[in-house]
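Thanks for coming. Please look at the sequence and the model on the screen, and I will go through a few places in turn.

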Amino acid sequence: MNLLRRVEKWCLWGHVLSMAFGLAGLLWVMPHPEILEYLPAGSTLYSWSLAGGGVAYILMGVVTTSLYCYRTIGLKALLAFLIPAISVSLSCELLGTSTGLPFGDYSYLNGLGYKIAGLVPFTIPLSWFYLGISCYLLARGGLLTKGQSSLWQLPALTTGALLLMSWDFVLDPAMSQTAMPFWYWHTPGEFFGMPYQNFAGWFFTGLIFMSIAATFWRENGHVNRLTRSELSIPLIIYMANFSFAMLMSLAGGIYTPVFLGLILGLLPAFMCWLTAPIDSDLVMVQIRLRPTVEMHTAGVSES
């Protein structure tokens with residue numbers, strides 16, 4: 001387990017640093033290519049980063065999140081989210097790039113790896129997975145501590161899908177309308193080049209696979225007992241990816257979607273983390289429950 005923790009930590013750092021280097025390349029080196037003359041093997045490294053940087057940071061995000069989930073909620077819970085997330089998101093992406101539903105009429109360019117069926121880069125459903133599970137774990141940690149009744153499941157699911165959709169507020173302009181786009185809209189939409197249906201598509205796609213996972217997670221005690229410290233990895237993943245897209249959008253002069261993303265995404269994500277139980281709270285709950293458990297055990301023994 002210690003080895004897995006170290007690999008998880010290395011991949012998390014690699015995930016964050018690769019996005020930082022990507023920002024430097026896109027916002028600093030690309031407008032000023034003469035900088036490469038002062039760097040050892042600058043041109044070669046830059047070409048490699050353009051060809052594989054997007055794939056590398058997504059894969060490291062997937063590995064980080066998978067190891068974290070394996071360690072905290074278990075393999076069964078991890079697979080119960082991973083399989084629906086990849087299956088549902090890939091189906092929606094293939095449908096979207098073929099018919100325009102549910103996101104709008106768009107196509108992927110190069111830079112995100114091999115395209116499934118020549119339409120969707122294989123990294124796209126992986127990004128749905130690792131950002132989706134980070135969003136949903138934060139939402140559950142912040143809301144389901146109020147009570148475990150079914151009444152609290154819907155707000156948690158809605159918040160998780162909202163966090164995921166809000167990431168797209170800043171992601172889409174950054175990846176489709178800045179210096180190096182990774183996809184493009186065949187018909188520019190009404191909201192800063194994006195069609196409104198794109199956001200509905202994001203919200204309901206996330207809501208569907210989160211709901212499927214919630215069904216399988218119903219009896220999983222580990223998922224329902226995540227503390228603030230244990231939710232730090234999902235928060236870092238969300239904040240790092242949000243910041244990368246936000247800085248790209250701001251550099252392109254796109255401000256309103258960033259503001260909406262901050263209000264509907266980054267701030268609620270931080271509040272969910274902040275309202276999650278701290279480790280001492282969990283210990284106190286266990287102490288309060290222990291006498292009841294001991295009395296019940298004693299009663300069984302006497303009978």
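Buried here means under 20% relative accessible area, exposed means over 50%, and partly exposed is in between, with a 1.4 Å probe and protein chains only. This is a predicted model, where local features need pLDDT of at least 70, side-chain atom pairs count only at pLDDT 80 or more, and totals for chains, interfaces and linings use all residues. Residues are numbered from 1 along each chain as its sequence is written, and side-chain values use heavy atoms, with hydrogens and water left out.

Start with Trp 128, in helix α4, residues 123-143; helices are DSSP runs of H or I, at least four residues, numbered from the N terminus. Trp 128 has 2% relative accessibility, so it counts as buried. Beyond four places in sequence, its contacts (heavy atoms within 4.5 Å) include Phe 103, Leu 164 and Trp 202. Glu 93 is also in contact with Trp 128, and their side chains make a polar contact of 2.9 Å. A polar contact is a pair of N or O atoms within 3.5 Å; within protein, one must be able to donate a hydrogen and the other to accept it, and residues adjacent in sequence count only if both atoms are side-chain atoms.

Next, Asn 220, in the loop between α6 (196-216) and α7 (232-251). Is Asn 220 buried or exposed? Its relative accessibility is 15%, so Asn 220 counts as buried. A polar atom of its side chain lies 2.9 Å from the backbone nitrogen of His 222. Leaving out residues up to four places away in sequence, Asn 220 touches Ile 73 and Ala 77.

Last, helix α5: 19 of its 24 residues are buried.

Note on methods
Helix = DSSP H or I, 4+ residues; strand = E, 2+ residues; numbered from the N terminus.
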